[in-house]
Amino acid sequence: MCGIVGYIGSRNATPILIEGLKRLEYRGYDSAGIAIINKKKSLKIFKEVGKIIELERSLPTPAETFGKTGIAHTRWATHGEPNLKNAHPHADENKKIAVVHNGIIENYKKLRKKLETKGYNFSSDTDSEVLAHLIEYFNRTEKNLTLAVQKALKLVEGTFGIAVINEENPNQIVAARKGSPLILGIGNNEFFIASDVAAIIIHTKKVIYLQDGEMVTVDKDKFELTTLENQAVKAKISEVDWQVSAIEKGNYDYFMLKEIFEQPISVENAFRGRLNEKLSTCRLGGLSMSGEELRKIKKIQIIACGTSWHAALIGEYLIENLARVSVEVEYASEYRYRNPIIPADTLVFVISQSGETADTLAALREAQARGAKVFGLTNTIGSTIARESDGGVYIHAGAEIGVASTKAFTSQVTVLTLLAVILGRMKDLSPTFGAGFIKELKQIPQKIQQILDNDEKIKQIAETIKDSTNALYLGRGINYPVALEGALKLKEISYIHAEGYPAAEMKHGPIALIDENMPVIAIALKDAIYDKIISNLNEVKARNGRIITIATEGDEKIKEISESVIYIPETIHSLHPLLSVIPLQMLAYHVANLRGLDVDQPRNLAKSVTVE
Ligand code: F6R
């Protein structure tokens, strides 16, 4: 989705802005641009469709682009095609004020009409351009950019994260947010604005996360934080705990591959400090509920999107199975539009890697509006969902840059497993189960590593399916959501159509698709329903389907029905997803890579979906 970077200080802003935009590439975009106020105190705007590198190549000489104040943007089209005129920054007609905007101005048509009747001419199809003209309109009388921005934003319905500069006051940036993340970075006699810390952490780790309804006026040597109503706000400076290496690819070709290979560590980080070996249970400090309160819970709703929704489905299975509490999993995008029922003693969880997904945020607010206590499970410290939840747990997966989520998924599943054990131990689960669970969980990182060490074999299997046009993923029970996640990974990055199904459901329809060209990727682990899934796979085999199985180490029999087998180490049933998903991520990665695709930035996708 769209990204914002801004700089004000004593260095040349242009390379800093370009570097910042490159750090935001992972979020997905289709055009980019920068605006700087140059040495002659003149506003200059440079834009390009396509990659940042194209923008960089199109820039005139460094002398012409030198300026100490600037703003920049990556655009992910919502209103108007991805072309040059719609790319940001947008400017007023006299090209004195420039604006970058993330979010959506819902009443932009009305505002545009009003401005047009006052004689304003528009040069793009975007909703964002109205901001440039509106701010200019109010600045005529206010002669103060902060006040002009406040007046303009009062008229706006929708969401925004914006940064604005005005050549008449070259040493100032004004930024504001409502519903779209924005951060002020505090450097050494310099300041940064960003929609995502990744854009600025090579310069500073000291940040202020702007809250909804807040704005900041940044001058060369000071800043002032206020509300949009001009009330002073006390600044709370936070320290970002990411290392710069977290946002570099290191020796890997792609972030996605790096993140797949980080899972032994990221899963361990998700449970580190959360195991209570003495009492054979787990702990999640952020839950902030007493044992008595937790025991009273009659129902849990888990709300999420995409991969996080798949983690939620695994959570449903685990919590119902281990804690005997009824769980309902909801698509965040549907939640607020379907008049959800939240009975008393229901606990609501929202899961979001980014903590900024607009649908999930809206669902959180809807559940709160209906009186529910909502906990957030996020990866991003200081994110909107983390801040607006009534409590929450961080998954500590570290920066996830690859658009296709991998390590965040396994960390989410780890935390949901801990939750299920906590609730279960308060009810029927025995200390023996708790102790056995902890012992086995501690071995998961090393077992993930064992699967990763099989990379070459998985790549060879990927070679055999890379030219397919369709693929079917099958799983049962707790591995059914894993099949869904495997299918999602494949379609996202390889553009091969893939579907996940509960294996036994296949005979009710999808079986019609099976022929000698259809790869069927099946999770068939040694558990209580092993024989059942083997029967389902025999139905595929009888129709000449190509079967690739994810099987338990030592299962020789499965070779009889499989074209290829990927073995994973044995573990207890509740922990299967943490292992079974790994080869599916690797398979998707290799297929996409062998097809020559950009694995980290798949077409049309954005890392953090901040629009509805
Ligand atoms: C898939 C993927 C998306 C996200 C979804 C929710 O690989 O990354 O499906 O899972 O957009 O994002 P978060 O978890 O940030 O709310």
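Of the 14 residues around the ligand, the nearest are Ser308, Ser352, Gln353, Ser354 and Thr357 (a residue counts as near a molecule or strand if one of its heavy atoms lies within 4 Å of it). Keep in mind that this is a predicted model, where local features need pLDDT of at least 70 and side-chain atom pairs count only at pLDDT 80 or more, while totals for chains, interfaces and linings use all residues. Residues are numbered from 1 along each chain as its sequence is written, and side-chain values use heavy atoms, with hydrogens and water left out.

**Around the ligand**

- Gln353 reaches an oxygen atom of the ligand through a backbone N or O atom, at 2.7 Å; a polar contact here is a pair of N or O atoms within 3.5 Å, and within protein one must be able to donate a hydrogen and the other to accept it, with residues adjacent in sequence counting only if both atoms are side-chain atoms.
- Thr357 uses its side chain instead, with a polar atom 2.5 Å from an oxygen atom of the ligand.
- Taken alone, the ligand exposes 400 Å², and the protein buries 91% of that (areas come from the Shrake-Rupley method with a 1.4 Å probe; for residues, only the protein chains shown count as cover).

**Helix 4**

- Helix 4 covers residues 108-117, and its buried residues include Tyr108, Leu111, Arg112 and Leu115 (buried means under 20% relative accessible area, exposed over 50%, partly exposed in between, with a 1.4 Å probe and protein chains only).
- Looking down the axis of helix 4, the buried residues fall within an arc of 100 degrees, so they line one face of the helix; the arc is that of the directions from the helix axis to the C-beta atoms.
- On the face turned away from that buried side sit the exposed residues Lys109, Lys110, Lys113, Lys114 and Thr117.
- The buried residues of helix 4 pack against helix 5 (129-142), where contact means heavy atoms within 4.5 Å.
- After helix 4 comes Gly119, with a positive phi near 100 degrees.
- Helices (H or I, at least four residues) and strands (E, at least two) are DSSP runs, numbered from the N terminus.

- Eight strands make an open sheet in the order 3-2-4-1-10-9-11-14, with antiparallel pairing; two strands pair if DSSP finds at least two bridges between them.
- Strand 3 (43-49) and strand 14 (238-239) are the edge strands, each pairing on one side only.
- Strand 11 (residues 206-209) and strand 14 run antiparallel and are joined by two bridges, and Lys206 stands opposite Glu239 in strand 14.

- Strand 7 and strand 8 (residues 172-178) run antiparallel with five bridges between them, and Phe160 stands opposite Lys178 in strand 8.
- Asn166 lies in strand 7 (residues 160-166) and is buried, with a relative accessible area of 5%.
- Leaving out residues up to four places away in sequence, Asn166 touches Ile37, Lys96, Ile97, Asn139 and Leu145.

**Strands 25 and 26**

- Strand 25 (residues 546-552) runs parallel to strand 26, and five bridges join them.
- Ile550 has Ile566 as its bridge partner in strand 26.
- Four of the five residues of strand 26 (residues 564-568) are buried, so this strand is largely enclosed by the rest of the structure.
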